[in-house]
Amino acid sequence: MNHWIIALSREDMEHCIKVGKFGLNRKHILGRVEKHDKVACYITREYKVIALGEVTEPYYVDDTKVFKGEGLFPDRFDFNAKKLPSDQEIDFMSLVDQMSFIKNLAYWSAHFRNGIVQISEKDWKTITSQAKASV
C-alpha cells in the first residue's frame, strides 16, 4: 500500500472530493497509484490538510470533462475522502519538520508543485495522528 498527498487549491480540491476523482497530466506518477492506497488532501497556499481518504479505483485514462479548471487532466484515479471539520483541518506547517520526504526545509513547498507526492507510512501516521489529536 502506498500513501500520497494530493495538492490543489481549496476550490479545486473540494470539487475533487465531491466528484471522487483526481486528475493530472502525469501518467508517470499517477500510474503508480493503486486501489486502497491512502490519500491526504492538501490545500496549497493555505498549507492545510482538509481530508483523508482512500483510492477506490487505480490509475486510468479518461478525457471526460469533470474538473473545474482549464484542461481535461486525463490521467486519473478515483478516491473517497472524508473532509475534516473546518476547525480541525491539519496545519501542515506544524508537521513540516517531521516529514521524512522533505529533505530541505528551506524548499519544503516545492514537493507539492507536481500536485501529488508519495509519502512514507511513517509520514502518513504523523498526519493521521494529528487529525485524531484535533478531534
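Predicted model: local features only at pLDDT ≥ 70, side-chain atom pairs only at ≥ 80, totals over all residues.
## Getting started

Helices (H or I, at least four residues) and strands (E, at least two) are DSSP runs, numbered from the N terminus.

Residues are numbered from 1 along each chain as its sequence is written, and side-chain values use heavy atoms, with hydrogens and water left out.

## The chain as a whole

Three helices and seven strands make up the secondary structure of the chain. Reading from the N terminus, the order of elements is β-α-β-α-β-β-β-β-β-α.

The C-alpha atoms fill a box of roughly 40 × 30 × 25 Å along the principal axes. The radius of gyration of the chain is 14 Å, which agrees with the value near 14 Å for a compact globule of 135 residues. That radius is taken over C-alpha atoms, and the globule rule is 2.2 Å times the number of residues to the power 0.38.

## Strands around β5

Let's turn to strand pairing, which requires that DSSP finds at least two bridges between two strands. Strand β5 (residues 75-83) runs antiparallel to β2, and four bridges join them. Strand β4 (residues 48-61) is also antiparallel to β5, with eight bridges between the two.

Asp-75 in β5 stands opposite Leu-24, and Val-61 stands opposite Asp-75 as well.

## Lys-21 and its surroundings

Which side chain makes a polar contact with the side chain of Lys-21? The partner is Asp-78, at 3.3 Å. A polar contact is a pair of N or O atoms within 3.5 Å; within protein, one must be able to donate a hydrogen and the other to accept it, and residues adjacent in sequence count only if both atoms are side-chain atoms.

Leaving aside neighbours within four places in sequence, Lys-21 is in contact (heavy atoms within 4.5 Å) with Cys-16, Tyr-60, Val-66, Phe-67, Phe-77, Asp-78 and Phe-79.
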